[in-house]
Amino acid sequence: MNLKLDGFGIMVDDMSVMVRFYRDVLGFEIKEDENATNVFLEKDGTLFLLYRKSDFEQMTGKTFSYANGINGHYEIALSVSNYAAVDKAFAEITSAGGRAVLPPTTEPWGQRTCYIADPEGNLVEIGSFNKEDA
């Protein structure tokens, strides 16, 4: 079997709120109308799909359970150039509506990282292993 990763997706309740967050706050590029059943976005060549929960359930004929509030089922990891950029991204994203989960912290393994939650509680990590630009 020859499987190739094209991208990943998340199930959403409010498509327009989530599109605005990922497009306008995190800089993902939208590939189609934001009111579609599923919306394709792209970041650095990776496909990112937002799929409306109710439409997915109708398509599959099944009901699914979903986590509410800030959840730790997975994370979306984004990198920036250096430690200062982690701090700057955290400040900008939280001022634009991202919910602070973990402020910028330098971890024992040398990464400066922070966590925010998107409008529906999905975790987004922003980090760098570089103290300064190389």
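Two residues are in contact when heavy atoms of theirs lie within 4.5 Å of each other. With that in mind, take the protein as a whole: among its contacts between residues at least 6 apart in sequence, 50% join residues at least 24 apart. What you see is a predicted model, in which local features need pLDDT of at least 70 and side-chain atom pairs count only at pLDDT 80 or more, while totals for chains, interfaces and linings use all residues. Residues are numbered from 1 along each chain as its sequence is written, and side-chain values use heavy atoms, with hydrogens and water left out.

Let us start with the overall plan. The protein has three helices and eight strands, and along the sequence they follow the pattern β-α-β-β-β-α-β-α-β-β-β. Here helices (H or I, at least four residues) and strands (E, at least two) are DSSP runs, numbered from the N terminus. Along the principal axes, the C-alpha atoms fill a box of roughly 50 × 35 × 25 Å. Of the 134 residues, 37% are buried; buried means under 20% relative accessible area, exposed means over 50%, and partly exposed lies in between (1.4 Å probe, protein chains only).

Now look for the open sheet of four strands, which run in the order β5-β8-β7-β6 with mixed pairing. Two strands count as paired if DSSP finds at least two bridges between them. At the edges stand β5 (75–79) and β6 (99–106), each with a single partner strand, so one side of each has no neighbour in the sheet. From one strand to the next, the twist averages 15 degrees. Such angles run from 0 to 180 degrees between N-to-C directions, and the axes are lines fitted to C-alpha atoms, for helices over the stretch in contact. Strand β8 (residues 123–128) pairs with β5 in the parallel sense over five bridges, and I76 has V124 in β8 as its bridge partner. Helix α3 (residues 83–95) packs on this sheet, where it touches β6, β7 (112–117) and β8; its direction makes about 15 degrees with that of β7.

Within β7 you will find R112. This arginine is buried, with a relative accessible area of 15%. A polar atom of the R112 side chain lies 3.5 Å from the backbone oxygen of P104. Setting aside residues up to four places away in sequence, R112 touches Y83, V86, D87, P104, T105, T106, I126, G127 and S128.

The loop between β5 and α3 holds V80, which counts as partly exposed at 27% relative accessibility. Leaving aside neighbours within four places in sequence, V80 is in contact with A85, V86, I126, G127 and S128. The C-alpha atoms of V80 and N130 are separated by 8.9 Å, although these residues are 50 apart along the chain.

Next, turn to β4 (46–52). Five of its seven residues are buried, so β4 is largely enclosed by the rest of the structure. It pairs with β1 in the parallel sense over six bridges, and V12 stands opposite R52 of β4. With β3 the pairing is antiparallel, again over six bridges, and F40 has L49 in β4 as its bridge partner. The hairpin of β3 and β4 has two residues between the strands. In this loop sits D44, which has a positive phi of about 50 degrees although it is not a glycine. At 73% relative accessibility, D44 counts as exposed.

Helix α1 (15–25) comes next. Which of its residues are buried? They are M15, M18, V19, F21 and Y22. These residues cover an arc of only 160 degrees around the axis, judged by the directions from the helix axis to the C-beta atoms, which puts them on the same side of α1.

Finally, consider the interior. A nonpolar core is a set of buried Ala, Val, Leu, Ile, Met, Phe, Trp, Tyr and Cys residues joined through side-chain atoms within 4.5 Å. The largest one has 23 residues, and those with the most contacts inside it are Y22, L26, F48, L50 and V124. Elements giving two or more residues to this core include β1, α1, β4, α3 and β8, and the largest share, five residues, comes from α1. Apart from neighbours within four places in sequence, L26 is in contact with F21, K43, L78, I93 and V124.

Note on methods. Polar contact = N/O pair within 3.5 Å; in protein donor to acceptor, adjacent residues only side chain to side chain.
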